[in-house]
Amino acid sequence: MNRRDFLKLSTMAAASPIVSAFGAPKTDATSQQSAAGSALFRIKPYVQLFDEDSVCITWMTSEKTTGYVTWSQDCMSSAWQRAWDETDGLLDANFFVHRATIVGIDPKKPLFYRVHSRPFEKFGPYGVKYSAPEETLDGEIRELLPKNGVVSWGMLNDVHERTSIVKRFIPHMKDLNGFCCMNGDIMNYVESENGVLGCINKPFSWVAQEAHLPVWYLRGNHETRGCFARNLRDYLALKDGRYYGAATLGGVRFAFLDSGEDKPDRNGQYSGLVAFDRYLETQNKWLEREVASPAWKKAQARVVFRHIPFPLRPTDSKGGWKHKLPRLTDMDKILQGANVSLGMSAHIHFAEWYLPIPERPYHLITGGGPDPNDAYLTKCFFYNRKLKIVQIDEKGKKSFDRMISV
C-alpha cells in the first residue's frame, strides 16, 4: 500500500455515521426514558476502554440507586443484553457511582447502550422499596475497528483543570475510532468530589456523548496530590483495579504505565505519605511479564503511554528536562529491549516529536500544556505496519504530520 492510499484510509476512520437506533430493551413496567434535564443523573455515562472486546460504562446519580446497562450491537429489541457488575455475589446497588462492564462486544460494530438507575426509599434486609420509577439515558460508541482496518487513537494531556480544552478538541476526535488517552494532569490536585466530577468525569462523558469514543485515563503526578487523591479510584473504571494496564486493538498492543510522582519519596512535599518506589517496583514486575507475553510479541505494533516522558537528550526539549528517578530508569531499561514502536508522553507542556536514541530506541511524542497556545491533540492511525501521527492545535492546524514504519 502506498502513502496516498494509507492517508486516504486514515481519514475514513469514521466514515460510517453513528445512527441513534435504540430499540426498547426489556425492562420492568416501571422504567421510563429520562428527560435530558433529569436531576437523577448527576454525571452522564462515559466509556472506559478495557480491551477490543470489553468496555466499562460509568455514571453517577444524585441519589443512591440501582445501576445497570442494557446494550446491543444490532439495535434489535430481542437482542439487547444486560450488564450489571457484582461484587462477592452481590449485584452493585445502593451507590452514587455506577459501573457496568460489557464483555464480548464485536469491535467491528458500533455499541449502543442504555444506563438504568432507580432510587431507593428503603433498602431493607429482606426487601427494598423504591422512591420513583427507573430512569434511563442512552449512549453509543462507534466501532473500535472500522471496516477499512485502520486502528486509530488520540491523546490529550496536561489540561490542568481547563476543561474547555477538552470541549474544543472534541470536534477533532471524530475521525478516531479506538479511544482517547487522557495522559495525566487533567487536574491540578485532588481535593474534593466536586473537583473529580467537574474535571474528570464530566469531560470524559463529553468525549463519550459527543465524539462517541471510549477513554483510557492515566494518572499524572498532579493527580497523586491532595487530600482526596486516595478517593480518586472510586470515581473511575480501572481495568483489573489498577492505574496501569494493557489492551489490544487490532494489530496494536498498548501498555499504559503509571509514572507516579516526579520527585523522590523522601521529598518533604509528600510529608512521608507516599511509597512510589515500592509501587513502581510492583508495576515494573508486571511490565516485565507484559513485554514477555504472547499478546505483546505477536502484535504488529507496540505503543506505550506514560505521563512522565521516556528518556530525552538534554537538548531535546525546552529547559533540557530529564527525570532522575531510579524507579523510572528501571522501567526505561525494561522497555529498551521490548521492541516498542512508539512512546507517548506528557508532563513537560511541550509538544514535540523525538527520534530514537540508544537509551530509548523508539520514537517519542510529547503532548502540549494547558495554555491555549500550547494545547495539542495527538492523533495516530495504524494500518499495514505504517503509523501515521498527526498533532494539531484546537483550530485543527498541524504541528506535524509524519509517518513511520514499524
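**Close-up views of salt bridges, pockets and a cavity**

**View 1. Arg42 is partly exposed, with a relative accessibility of 37%.** Partly exposed lies between buried (under 20% relative accessible area) and exposed (over 50%), for a 1.4 Å probe and protein chains only. The model is predicted, so local features need pLDDT of at least 70 and side-chain atom pairs count only at pLDDT 80 or more, while totals for chains, interfaces and linings use all residues. Residues are numbered from 1 along each chain as its sequence is written, and side-chain values use heavy atoms, leaving out hydrogens and water. Arg42 makes a salt bridge with Glu193, with 3.0 Å between the closest N and O atoms. This pair links distant parts of the chain, since Arg42 belongs to strand 2 (residues 41-51) and Glu193 to helix 3 (residues 193-211), 151 residues apart. Helices (H or I, at least four residues) and strands (E, at least two) are DSSP runs, numbered from the N terminus. A salt bridge is a side-chain nitrogen of Lys or Arg within 4 Å of a carboxyl oxygen of Asp or Glu. The count of salt bridges by this rule is 19. Glu193 is also partly exposed, at 25% relative accessible area.

**View 2. Arg114 and Asp138 form a salt bridge between their side chains.** The N to O distance is 2.6 Å. Arg114 sits in strand 9 (residues 111-117) and Asp138 in strand 12 (residues 135-141); the pair links distant parts of the chain, 24 residues apart. Arg114 is buried, at 10% relative accessible area, whereas Asp138 is partly exposed, at 22%.

**View 3. Asp332 and Arg306 are joined by a salt bridge.** The closest N and O atoms of Asp332 and Arg306 are 3.0 Å apart. Because Asp332 is in helix 6 (residues 326-336) and Arg306 in strand 18 (residues 301-306), the pair ties together parts 26 residues apart in sequence. Asp332 is buried, with 4% relative accessible area, and Arg306 is buried, with 0%.

**View 4. Arg225, Glu261, Asp262 and Lys263 are linked in a network of salt bridges.**

**View 5. The largest pocket has a volume of about 300 Å³.** Among its 13 lining residues, those closest to the centre are Arg219, Thr224, Ala229, Arg230 and Phe276. On a 1 Å grid over the protein atoms alone, a pocket is an open set of points with protein on both sides within 12 Å along at least five of seven lines, a cavity is a set where a 1.4 Å probe fits but cannot get out, and lining residues have an atom within 4 Å of a point. Grid points are joined across faces, edges and corners, and a volume is the space filled by probe spheres set on the points. The lining of the largest pocket has eight nonpolar, one polar and four charged residues. Nonpolar here means Ala, Val, Leu, Ile, Met, Phe, Trp, Tyr, Cys and Pro; charged means Asp, Glu, Lys and Arg; the others, Gly among them, are polar.

**View 6. The second largest pocket has a volume of about 240 Å³.** It is lined by 13 residues, of which Leu90, Leu91, Asp92, Ala93 and Phe123 are the closest to its centre. At least two lining residues come from each of strand 7 (90-91), strand 8 (93-103), strand 10 (120-124) and strand 11 (127-130). Strand 8 gives the most, with three. Nine nonpolar, three polar and one charged residue make up this lining.

**View 7. The largest cavity holds about 40 Å³ of space.** The count of cavities of 30 Å³ or more is one. Gln48, Trp216, Tyr217, Ala237, Leu238, Lys239, Arg242 and Tyr243 line the largest cavity. Five of its lining residues are nonpolar, one is polar and two are charged.
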